[in-house]
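Let's take a walk through this structure together. Keep the 3D view open while you read.

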Amino acid sequence: MVAIMKAKPAYGAELVEVDVPKPKEGEVLIKVLATSICGTDLHIYEWNEWAQSRIKTPQIMGHEVAGEVIEVGPGVDDIQVGDYISAETHIVCGTCYQCRNGQYHVCQNTKIFGVDMDGVFASYAIVPAQNAWKNPKEIPPEYATLQEPLGNAVDTVLAGPIAGKTVLITGAGPLGLLGITVAKASGASLVIVSEPSEFRRDLAKKVGADVTINPIEEDVVKEVKDLTDGNGVDVFLEFSGAPKALEQGLQAVTPAGRVSLLGLFPGNVSFDINNLVIFKSLEVHGITGRHLWQTWYTVSNLLRSGKLNLDPVITHKYKGFDNFEEAFELMRAGKTGKVVFFPKE
Ligand code: NAD
Ligand code: ZN
C-alpha cells in the first residue's frame with residue numbers, strides 16, 4: 001500500500017510503498033476512505049521544534065480519518081468487519097486521576113494517534129479499537145473525517161450558551177471556519193469574524209459569517225462595538241493563536257461575557273489581565289482536544305442534522321496521495337480550508 005511517511009528528521013515527507021499492517025490485540029485495520037490534514041501534520045511536515053522533540057521517524061503521518069473496518073485483532077468484540085468508523089486521536093489511560101473523574105480529554109498519560117505511532121495517510125491503517133467511533137452510514141467520508149477537528153470547534157463554541165448570542169471569532173483557519181458553522185448551526189444571532197487573510201475572510205463569509213473584519217486595516221474593537229449597540233459581543237472565541245487577536249477579543253467582549261481559547265500562542269502573552277478579565281468578570285475556558293465521548297455525540301448529531309455548512313470549508317480534495325506535497329505547500333501558504341485525500345484502491 002502507499003503511505004505518506006515522515007521518513008527522515010528533516011523538512012517534508014515521502015510517498016512510500018509499505019506492507020498492509022496486521023491488527024494486533026485491541027486494534028482494528030481499516031481501509032481509509034477519506035483522511036484530512038491537520039495543523040499538527042503540517043508541523044510534522046515542516047519539522048518544527050515541537051515535531052523534533054516528539055516524532056520518531058520513520059512514521060506514517062495523519063490522524064483525521066474515516067474508514068471501513070476490514071479486519072479486527074484479538075480481543076476486539078465491539079467492532080465488526082464492515083463497520084464504518086472515525087477515530088478519536090487522544091489515546092487515554094483510563095486509570096489516572098483525570099480519567100477516573102471522567103475527564104479523559106486531559107488524561108495525564110495521553111498518547112496521540114499519528115504523532116506517537118503510525119497514522120492514517122495511507123490506503124490502510126491501524127486504529128486502536130478503544131479510539132474507534134462508529135459513524136452512521138449516511139455521513140459521507142469527507143465529512144466523517146472532519147469530526148475530530150469539529151470536536152475542537154464544538155468544545156470551543158459550546159463551552160457555554162450560544163443560541164441567540166452575538167459572537168466574535170478571531171482567526172478563520174480550518175478550525176475557525178469549523179467554529180463559524182458550528183456557531184451558526186447552534187443559533188448564534190450574529191457571528192463576526194476577524195481574519196487578516198482575504199482568502200480566508202471570503203471563506204468565512206461562504207461558511208456563514210455575518211460580518212468579516214480585516215484586523216490589519218480596521219479597528220476590530222470599534223467595529224464590534226458598532227455592531228452590538230456599543231455593548232460588545234456576548235461570546236469571544238479565539239481560534240488564531242495571535243496575541244493581538246486575544247487582546248482585541250478581550251476588549252470587544254461584553255462584561256460578564258464568555259471567552260473560549262483554542263488557538264495556541266507562540267510563547268508567553270502579556271496583557272492587562274486586571275482590566276480585561278478580572279474587572280470584566282469574564283468566564284474564560286481553555287479548550288484542549290475534545291470531551292470523550294460527549295463531544296463526539298454532539299458532532300455526529302450536528303452532522304446528521306444537515307445544519308453544518310462544510311462544503312466551503314473543504315477547499316481541496318485529492319484523489320490519491322500523489323500530489324501531497326502540493327497540498328502541504330498550499331496549506332503552509334494559508335491558501336486552504338480543510339484538505340481531504342481520498343486514497344486510491
Ligand atoms: P491556522 O494557523 O491555519 O489559522 C489561524 C488563522 O488566524 C489564520 O487564518 C491567520 O491568518 C489568522 N490570524 C493571524 N493573526 C490574526 C489576528 N491578529 N487576528 C485574527 N486572525 C489572525 O490554524 P488552525 O489549524 O485553524 O488552528 C487554529 C489554532 O488552534 C492554532 O493556533 C492551533 O495551534 C490551535 N489548535 C489548538 C488545539 C487545542 O486542542 N487547543 C487543537 C488544534 C489546533
Ligand atoms: Zn488518564
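**Around the zinc ion**

Let's start with one cysteine: Cys99 has 2% relative accessibility, so Cys99 counts as buried (buried means under 20% relative accessible area, exposed over 50%, partly exposed in between, with a 1.4 Å probe and protein chains only). Cys96 counts as buried too, because its relative accessibility is 8%. Cys107 is also buried.

Before going on, a word on the ground rules. This is a predicted model, in which local features need pLDDT of at least 70 and side-chain atom pairs count only at pLDDT 80 or more, while totals for chains, interfaces and linings use all residues. Residues are numbered from 1 along each chain as its sequence is written, chains are lettered from A and ligands numbered from 1 in the order in which they are written, and side-chain values use heavy atoms, leaving out hydrogens and water.

So what holds on to the zinc ion (ligand 2)? Its protein donors are the SG atoms of Cys93, Cys96, Cys99 and Cys107, at 2.3 to 2.4 Å (donors are N, O and S atoms within 2.8 Å of the metal, or 3.2 Å for Na, K and Ca; water is not among the atoms, so sites may look incomplete). Along the sequence, these donor residues follow the spacing C-x2-C-x2-C-x7-C. The 4 donor atoms make angles of 104 to 119°, and the site is tetrahedral (for four donors, that takes all angles between 85 and 135 degrees). Ideal angles for four tetrahedral donors are 109.5 degrees.

**Around ligand 1**

Now move over to ligand 1. Among the 20 residues around it, Leu175, Glu195, Arg200, Leu264 and Ile287 come nearest (a residue is near if one of its heavy atoms lies within 4 Å). An oxygen atom of ligand 1 sits 2.6 Å from a side-chain N or O atom of Glu195, and for the side chain of Arg200 the corresponding distance is 2.9 Å. At Leu264, a polar backbone atom is 3.0 Å from an oxygen atom of ligand 1.

Terms used: A polar contact is a pair of N or O atoms within 3.5 Å; within protein, one must be able to donate a hydrogen and the other to accept it, and residues adjacent in sequence count only if both atoms are side-chain atoms. Four donors count as tetrahedral if all angles lie between 85 and 135 degrees; four count as square planar and six as octahedral if opposite donors are over 155 degrees apart and all others between 65 and 115; anything else is irregular.
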